Amino acid sequence: MQPTILEIEDLHVYYKTVAGDARSVEGVSLSVHANEILGIAGESGCGKSTLVDGILRLIKPPGYVPKGRVLFKGVDLLQLPKATMREYRWRDISYIPQGSMNSLNPVIRIEEQMGDAVLAHVKVGKREASQMAISALAKVGLPGDVLRMFPHQLSGGMKQRVIIAMSLLLNPSLVIADEPVTALDVVAQKAVLQSIARLRDDYGMTVLFVAHDMAAHAEIADRVAIMYAGEVSEIGSVSDVFIEPLHPYAQGLIGSIPSVDRGSVKGIPGLAPNALEWPSGCRFHPRCPVAIDVCPKENPPLIPIRDGRYAACHLVKADA
Amino acid sequence: MTEPLLELKDVRKEFRIGGGLGIRRRTVAALDGVFLSISAEEPTVTALVGESGSGKTTIARLVMGLVEPSSGEVLYQGRSVRDWINSDEMAYRRQVQMIFQDPYSTYNPFYRVDRVLFSTVKKFNLASTKEEAQQVVLASMRAMGLRPEYILGRYPHQLSGGERQRLMLCRILMIKPRLIVADEPVSMLDASLRSIFLDNLLQLKESLQLSCLYITHDMNIAHYVADDLVVMVHGSVMERGDARSLINEPMHPYTQLLVASIPTPDPRKRWQDRLELNVSTLKELKPEVGCKFSPRCPHVMSVCREKAPPLFDRKGRRVACFLYE
């Protein structure tokens, strides 16, 4: 197995509100192995984006991190001085925020926008910055001509790939992408997903890939972590989790995806809970079709089940 | 043959853009020669699929009478929508209803959600007394699997997106229209709630015998709900036909590309090919003449760049491609 590049230990992210703390992420532990695409899946409000913000120390007040460690190659990012953390960003860990393709400046050519990113982090000349931009664009399958263009001349899929190229400018070892294919049509989605897969396959990068679209995970992720109500309910290889999900929430989520080669699908009745007042015990119990007496009382921990698979459910026991 | 329920005949819709701040004023055609029809004989869900900017939403707005075509006709039961709205708008609205994409902005955050339903009862005269109105509203909620005691009196922010969209279906159930136009109604909903909404919609189709023009860019959803499929590129119809056969055996090169790009939620069936986009044509993605798909088409011929192909009849399907001439 590849070494662990990022280790998240018992991370908590809370937001202060007048009604008390919103416990958006609570006790998440995850390891990201080098050269893998780890998918983070879950529905809106489950804490996917907050988790990413927590990893990158982007939580701003009223949010705070009461507990947890984020070890990147053994260094706890949460303990670093701000200036040192800034050096890690982009150079070691780069981040593609949700909807960032719409943040390209419409009146500035791509060359200058990519060059600015380089010059903000390393001392090189303009020409060299452009060379770096061209090689980053090549990694996502775009020609250097794109540098001369304005954002409006590019399609959505191309803009998103320019953004991914920007994240690659300084050759980071870890790329964190938050919903990079949402709002793209299917053809553009495929092109962007394949660009992300190439980062792993051809350039040896590690990708933390956040998406609510389960089909996107099935296409490119190696392992997937399914989040519900601020916690991880199941982790495992994509083939294990999709073919035989263990946690009832994972089963419901995967069973509810309409697909061209599948007949009927079934949703999960009920409502996603609120971070201000998570249900007692297992947070999924009010919507769970197989809940038993213990579920409202005790929150099951995430335990190893069998090789590399983890689940947090009272009904799923570790293999002997 | 009986008259179709809805028919678009050679519809063109242009929008003017620019004209301020020194930007050259010009017109762009959002729709260019669109033919479309929904049969009146049995309830049908027609899915309109295409990338963003292909004119899907413009068709929805034309059908609702929110914009008028630059040329061509939009006919509902053989009569133009403009005519319906000018002479008898209430009758038209009673027969044709819309569900919007965003379940967050369709509600006024200051009013309770049930206001949407009670004002519908009032506007369409669905009840003569207050008690009766209450009965109508409660019955519609129960039919859609919503618990009235939970929903009534709540504000929009207290409900999930899925519940808000299903309340829109309650409206439909009360009004009992013949046709609904649904513009990406589940794109903002979570996966686990989507299928509940879609099943409710299919249930209404059967119980009310209503037809639906369903706009989406998600082929998996189109496959789930649609009887017929219409595939569009840049304001023109590329292919039209039975949804299942169109997805199983796409004929138009764009439909083939679209179908090959559908992600499947099954890691055993990952894409085997790599999508190569022709980047030399970046700037001419939307040609003025010829087939709208020609700059990206792997089978492009010289005729494709000269004139736009008409819709050819092939195997019970309509395909706008010279490969099938």
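Predicted model: local features only at pLDDT ≥ 70, side-chain atom pairs only at ≥ 80, totals over all residues.
Chain B contains 11 helices and 12 strands, and 46% of its 325 residues count as buried. Of the contacts in chain B with a separation of 6 or more, 65% are accounted for by residues 24 or more positions apart.

Chain A was examined in the same terms. For its 320 residues, the radius of gyration of a compact globule would be near 20 Å; chain A has 20 Å and therefore agrees. The C-alpha atoms of chain A fill a box of roughly 65 × 50 × 40 Å along the principal axes. Chain A is built with 9 helices and 12 strands, and buried residues make up 49% of its 320 residues. Residues 24 or more positions apart account for 62% of the chain A contacts with a separation of 6 or more.

Within chain A, 4 strands form an open antiparallel sheet in the order S2-S1-S4-S5. Strand S2 (20–33) and strand S5 (75–76) of chain A lie at the edges; each has a single partner strand, so one side of each is left without a neighbour in the sheet. The pairing of strand S1 (residues 4–17) of chain A with S2(A) is antiparallel and extends over 11 bridges. An example of this pairing is Tyr14(A), whose bridge partner in S2(A) is Arg23(A).

Helix H1 (residues 48–55) of chain A packs on this sheet, where it touches S1, S2 and strand S4 (63–72) of chain A. The direction of H1(A) makes about 70° with that of S2(A). Because 7 of its 8 residues are buried, H1(A) is largely enclosed by the rest of the structure. The buried residues in H1(A) are Lys48(A), Thr50(A), Leu51(A), Val52(A), Asp53(A), Gly54(A) and Ile55(A). After H1(A) comes Arg57(A), which has a positive phi, near 60°.

The axes of helix H6 (residues 161–175) of chain B and H7(B) come within 10 Å and cross at roughly 5°. At this angle, H6(B) is roughly parallel to H7(B). H6(B) contributes Gly162(B), Gln165(B), Arg166(B), Leu169(B), Ile172(B) and Leu173(B) to the contact, while H7(B) contributes Leu193(B), Ile196(B), Phe197(B), Asn200(B), Leu201(B) and Leu204(B). By class, the residues of the contact of H6(B) with H7(B) comprise 8 nonpolar, 3 polar and 1 charged.

The contact between the two chains involves 37 residues from chain B and 38 residues from chain A. On the side of chain B that touches chain A, at least two residues each are supplied by helix H7 (191–208), helix H8 (219–225) and helix H10 (253–260) of chain B. H7(B) provides the largest share of that side, 7 residues. The side of chain B that touches chain A consists of 20 nonpolar, 9 polar and 8 charged residues.

Conventions
Residues numbered from 1 in each chain as written. Chains lettered and ligands numbered in written order. Contact = placed C-beta atoms within 7 Å. Nonpolar A, V, L, I, M, F, W, Y, C, P; charged D, E, K, R; others polar. Pairing = 2+ DSSP bridges. Axes fitted to C-alpha atoms, helices over the stretch in contact; angles between N-to-C directions. Parallel < 35°, antiparallel > 145°, perpendicular 65-115°, else oblique. Buried ≥ 20, exposed ≤ 12 C-beta atoms within 10 Å, placed from the backbone. Rg over C-alpha atoms; globule rule 2.2 N^0.38 Å.
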